[in-house]
Amino acid sequence: MTESADDFAGASSRSTKHNPRLDEELEHEMQGMLKAERATRSNEWREVEPVAEGEPDIDSNPAGTLVGGVPVGMTEDAVVVRSELARWLDRADFPSTGPALVEAALDHRAPDAVVAELQRLPEGETFERIGDVVRALGYPTE
């Protein structure tokens, strides 16, 4: 069997569409939700659980602003940088020096932008946690 460039390795070339009867059942199931603009499940346990009282809403803003705001003393860019760095560095990577953090990021297959940020770290310093790294890179912290 040959695979085209669009297929994942091991994916078969057969169709994954439903049969017409199942398509009609799925369409019928969705009609109530589309017309009522709310969930219409008869079994409550099948509903999506709402956000707890006092917790921030879990949604993304298409405009790109951070939901829930930005901590006092920080900018949106600083929050994004800190979260990206934390995404690619584990607790086990600390304490560490700049070159060791670059190596750890490469081991975790971090994007080039993250590696480039880490390469800007000053030499000879040991970083205890991600907040130290963000401060050393010149971003404001809370």
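**Figure 1. Helix H1 and its bend at Met30.** In this predicted model, H1 bends by about 30 degrees at Met30. The bend at a residue is the angle between axes fitted to the seven residues ending there and the seven starting there. H1 covers residues 20-36, 17 residues in total. From first C-alpha to last, the helix reaches 25 Å, close to the 24 Å expected at 1.5 Å a residue. That expected span is 1.5 Å times one less than the number of residues. Helices (H or I, at least four residues) and strands (E, at least two) are DSSP runs, numbered from the N terminus.

**Figure 2. The whole protein, for orientation.** Five helices and two strands are present. Their order along the sequence is α-α-β-α-α-β-α. Of the 142 residues, 20% are buried. Buried means under 20% relative accessible area, exposed over 50%, and partly exposed in between (1.4 Å probe, protein chains only). The protein exposes about 11,300 Å², and carbon and sulfur atoms supply 50% of this area. Accessible areas come from the Shrake-Rupley method with a 1.4 Å probe; for residues, only the protein chains shown count as cover. Among contacts with a separation of 6 or more, 40% join residues 24 or more positions apart. A contact means heavy atoms within 4.5 Å.

**Figure 3. The largest nonpolar core.** This core holds 19 residues. Those touching the most other members are Leu85, Leu89, Phe94, Leu101, Leu118, Leu121 and Val133. Helices H2 (76-88), H3 (98-107), H4 and H5 each give two or more residues to the core. H3 provides the largest share, four residues. A nonpolar core is a set of buried Ala, Val, Leu, Ile, Met, Phe, Trp, Tyr and Cys residues joined through side-chain atoms within 4.5 Å. Not counting residues up to four places away in sequence, Leu85 touches Val114, Leu118, Ile130, Val133, Val134 and Leu137.

Figure 4. Ala78 sits in helix H2. Its relative accessibility is 0%, so Ala78 counts as buried. The C-alpha atoms of Ala78 and Gly138 are separated by 9.1 Å, although the two residues are 60 apart along the chain.

Figure 5. Glu117 belongs to helix H4 (residues 112-119). Leaving aside neighbours within four places in sequence, Glu117 is in contact with Leu137 and Tyr139. Asp132 is found in helix H5 (residues 130-136). With a relative accessible area of 18%, Asp132 is buried.

**Figure 6. Backbone details at Pro95 and Arg109.** A cis peptide bond, with omega of about -10 degrees, joins Phe94 and Pro95. Pro95 lies in the loop between H2 and strand S1 (96-97). Arg109 is not a glycine, yet its phi is positive, about 60 degrees. The loop between H3 and H4 holds Arg109. Arg109 is exposed, with a relative accessible area of 72%.

**Notes.** Residues are numbered from 1 along each chain as its sequence is written, and side-chain values use heavy atoms, with hydrogens and water left out. Local features need pLDDT of at least 70, side-chain atom pairs count only at pLDDT 80 or more, and totals for chains, interfaces and linings use all residues.
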